[in-house]
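Welcome! Take a moment to turn the model around on your screen, and then read on for a short tour.

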Amino acid sequence: MPRSIWKGPYVAVNLLQDVVNLARKHPEWWNKGRFLGQKAPEVINTYSRASVILPDFLACRFGVHNGKSFINLEVQEAMVGHRLGEFAPTKVIAQHKTKESAVGKKKINPKTGKAG
């Protein structure tokens, strides 16, 4: 069930503080640069995967923790309203061997020198 509308979107307080600090530290980028396509001057690392991406986060770069490391993420317009954790997968998909690689590696008999 989705979150109640009267509560508003959930955003961790320390994450909002980090974004506000970024805006105060680099006002020229915050006011003009991010709308002209310039990259954010800093990466904001966060463990808060449940936080909702707000429109104020546009063009900001986040490092979202996936349980092992921080996954770099640059917020785009289509991401607004989603959660940060949706863009940092926590599991690695297993890669199985293909038949070609299994067939191509035949053992060589040391006595005869032939594959068999």
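The chain exposes about 9,100 Å², and carbon and sulfur atoms supply 56% of that area. Keep in mind that this is a predicted model. Of the 116 residues, 28% count as buried.

Now for the overall form. The C-alpha trace spans about 75 × 40 × 25 Å along its principal axes. A compact globule of 116 residues would have a radius of gyration near 13 Å, whereas the chain has 23 Å.

Charges come next. The side chains include 19 positive and 8 negative ones, and the centres of these two sets lie 17 Å apart.

| Helix | Residues |
|---|---|
| α1 | 13-25 |
| α2 | 27-31 |

Let's stop at one residue, H26, whose place is in the loop between α1 and α2. Is H26 buried or exposed? H26 counts as buried because its relative accessibility is 18%, and the cut-off for buried is under 20%. Which residues does H26 touch, leaving aside its neighbours within four places in sequence? H26 is in contact with P41 and E42.

Notes:
Residues numbered from 1 in each chain as written. Predicted model: local features only at pLDDT ≥ 70, side-chain atom pairs only at ≥ 80, totals over all residues. Heavy atoms only, no water. Rg over C-alpha atoms; globule rule 2.2 N^0.38 Å. Buried < 20%, exposed > 50% of the residue type's maximum accessible area, 1.4 Å probe, protein only. Areas by Shrake-Rupley, 256 points an atom, 1.4 Å probe, with all protein chains shown as cover. Lys, Arg positive; Asp, Glu negative; His and termini not counted. Charge placed at Lys NZ, Arg CZ, Asp CG, Glu CD. Helix = DSSP H or I, 4+ residues; strand = E, 2+ residues; numbered from the N terminus. Contact = heavy atoms within 4.5 Å.
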